[in-house]
Amino acid sequence: MAFLTRNQIKNFASDALRVVADFNGDIDTYSFANFHEFHRKLFVNELKRQIMNSPYFDRAGNQSMDRYYDVPLSMGVANGWTQIKESIDYVVANQAVRARNPNKVTLS
């Protein structure tokens, strides 16, 4: 199985952060200090959405529609993060590749 790289996840986190905040520069040093619960929820939901919607590529570089990336994200986990870097590190360490359920239709 192939996993998302830290740079790919950082790009997802950057895009998710843009949904709730204006920023410039490297996001690794940004803090969640000024986030309200609402902002955290938007960030977490958008981060999860981007990870799950990312196409899966195996180690040979072939795209597979039978698998997808996932990560167990919850507000309990997100509330423990003090910096954006921690969210990226968490996803890197806890990402998984799952098989799609053939009995469900994927809407796009």
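## Burial of Ile-9

In this predicted model, Ile-9 has a relative accessible area of 0%.

## Surroundings of Ile-9

Which residues does Ile-9 touch, once those up to four places away in sequence are set aside? The partners are Leu-4, Ile-88, Val-91, Val-92 and Gln-95. Gln-50 lies 41 residues from Ile-9 in sequence, and the C-alpha atoms of Ile-9 and Gln-50 are 9.1 Å apart in space.

## Secondary structure and contacts

The protein chain contains four helices and four strands. Read from the N terminus, the order of these elements is α-α-β-β-β-α-α-β.

Among contacts in the protein chain with a separation of 6 or more, 66% join residues 24 or more positions apart.

## Overall dimensions and burial

The C-alpha trace spans about 40 × 25 × 20 Å along its principal axes.

## Surface and charge

The protein chain has an accessible surface of about 6800 Å². Carbon and sulfur atoms contribute 49% of that surface.

The charged side chains comprise 13 positive and 11 negative groups. The centres of these two sets are 5 Å apart.

Terms used:
Residues are numbered from 1 along each chain as its sequence is written. This is a predicted model: local features need pLDDT of at least 70, side-chain atom pairs count only at pLDDT 80 or more; totals for chains, interfaces and linings use all residues. Side-chain values use heavy atoms; hydrogens and water are left out. Buried means under 20% relative accessible area, exposed over 50%, partly exposed in between (1.4 Å probe, protein chains only). Contact means heavy atoms within 4.5 Å. Helices (H or I, at least four residues) and strands (E, at least two) are DSSP runs, numbered from the N terminus. Accessible areas come from the Shrake-Rupley method with a 1.4 Å probe; for residues, only the protein chains shown count as cover. Lys and Arg count as positive and Asp and Glu as negative; His and the chain ends are not counted. The place of a charge is taken as NZ of Lys, CZ of Arg, CG of Asp or CD of Glu.
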